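Dear colleague,

I am passing on the structure we spoke about, and below it you will find my notes on what turned up when I went through it.

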Amino acid sequence: MKVLVTGANGYIGRHVVSALLERGAEVIASDLNCEGMDERVTIAEAPIFSGDEDIYEQLGKPDALVHLAWRNGFNHYHDSHITDLPGHYLFLKHMIEGGLKNLTVMSSAHEVGYFEGAIKPDSETHPVTPYGVGKNALRELVFPMAKKNDVNLKWLRAYYILGDDLKNQSVFTKILQAAQEGRKTFPFTSGKNKFDFISVQELAAQIAASSVQDEITGVINCCT
């Protein structure tokens, strides 16, 4: 299977590329900076947010797309989560209209917003940050489009990710930085709530497994 991965050199993307290669997939990698990527991948030259209607053909007519690209994912209040939305919509629209039949999009529990109890695939969404609002809006735009064009859509929701922590901007990065600074305490939460934590390697394996199958579609929780 030929799989296009956007955001392929990002925190999660590098691990997803490795997981897909381990499964024997042919990987086309797209990112703003592809330095240091696995030599087995094909680097996509066409920019995904060009707005070109023939972008599917320009990117090699992949059998599947794993859309991880999303700027400022650790800054949930950044304006780019809203201003970039039209670009994501047009890219996915043109890929589908070009002939793509297997689409996987990465999202997050922040799409759901504040929630008491275990989140299910059909839990109502009430996002409270620009990041959550942007992801939720893209889902509401893409699902009808996928249904209309008989596309196998997998909408993946990740939760809290650990591992490779000095290369991201998560709370684990901040804890490591505080430890290096010699701080003895770290303000976080009361500890009463439970959250799902997953290693970035296991998350990548789940993303890869979800993307190359078409039996289970719709919202999929990527968690432990």
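His-15 counts as buried in this predicted model, because its relative accessibility is 17% and the cut-off for buried is under 20%. His-15 belongs to helix α1, and, if neighbours within four places in sequence are set aside, His-15 is in contact with Asp-164, Val-200, Gln-201 and Ala-204.

Helix α1 (13-22) also takes part in the largest nonpolar core, which has 30 residues, and to which α1, β1 (2-6), β2 (26-30), β4 (64-67), β6 (152-158), α7 (200-211) and β9 (218-222) each supply at least two residues. The residues with the most contacts inside this core are Val-5, Ile-12, Val-17, Leu-20, Ile-161, Leu-203 and Ile-207. Of these, Leu-20 is in contact with Val-3, Val-5, Ala-25, Val-27, Ala-208, Ser-211 and Val-212, again leaving aside its neighbours within four places in sequence.

Apart from that core lies another, of 28 residues, including Ile-48, Leu-92, Val-142 and Met-145.

As for helix packing, α4 (residues 85-98) and α5 (residues 130-148) meet at an angle of about 20°, with their axes 10 Å apart, and they are therefore roughly parallel to each other, since angles under 35 degrees count as such. The crossing of α4 with α5 is right-handed. On the α4 side the contact is made by Leu-85, His-88, Tyr-89, Leu-92, Lys-93 and Ile-96, and on the α5 side by Gly-134, Ala-137, Leu-138, Leu-141, Val-142 and Met-145; these residues comprise nine nonpolar, two polar and one charged.

With best wishes

Note on methods. Residues numbered from 1 in each chain as written. Predicted model: local features only at pLDDT ≥ 70, side-chain atom pairs only at ≥ 80, totals over all residues. Heavy atoms only, no water. Core = buried A, V, L, I, M, F, W, Y, C linked by side-chain atoms within 4.5 Å. Buried < 20%, exposed > 50% of the residue type's maximum accessible area, 1.4 Å probe, protein only. Helix = DSSP H or I, 4+ residues; strand = E, 2+ residues; numbered from the N terminus. Contact = heavy atoms within 4.5 Å. Axes fitted to C-alpha atoms, helices over the stretch in contact; angles between N-to-C directions. Parallel < 35°, antiparallel > 145°, perpendicular 65-115°, else oblique. Left-handed = near helix turned anticlockwise from the far one by under 90°. Nonpolar A, V, L, I, M, F, W, Y, C, P; charged D, E, K, R; others polar.
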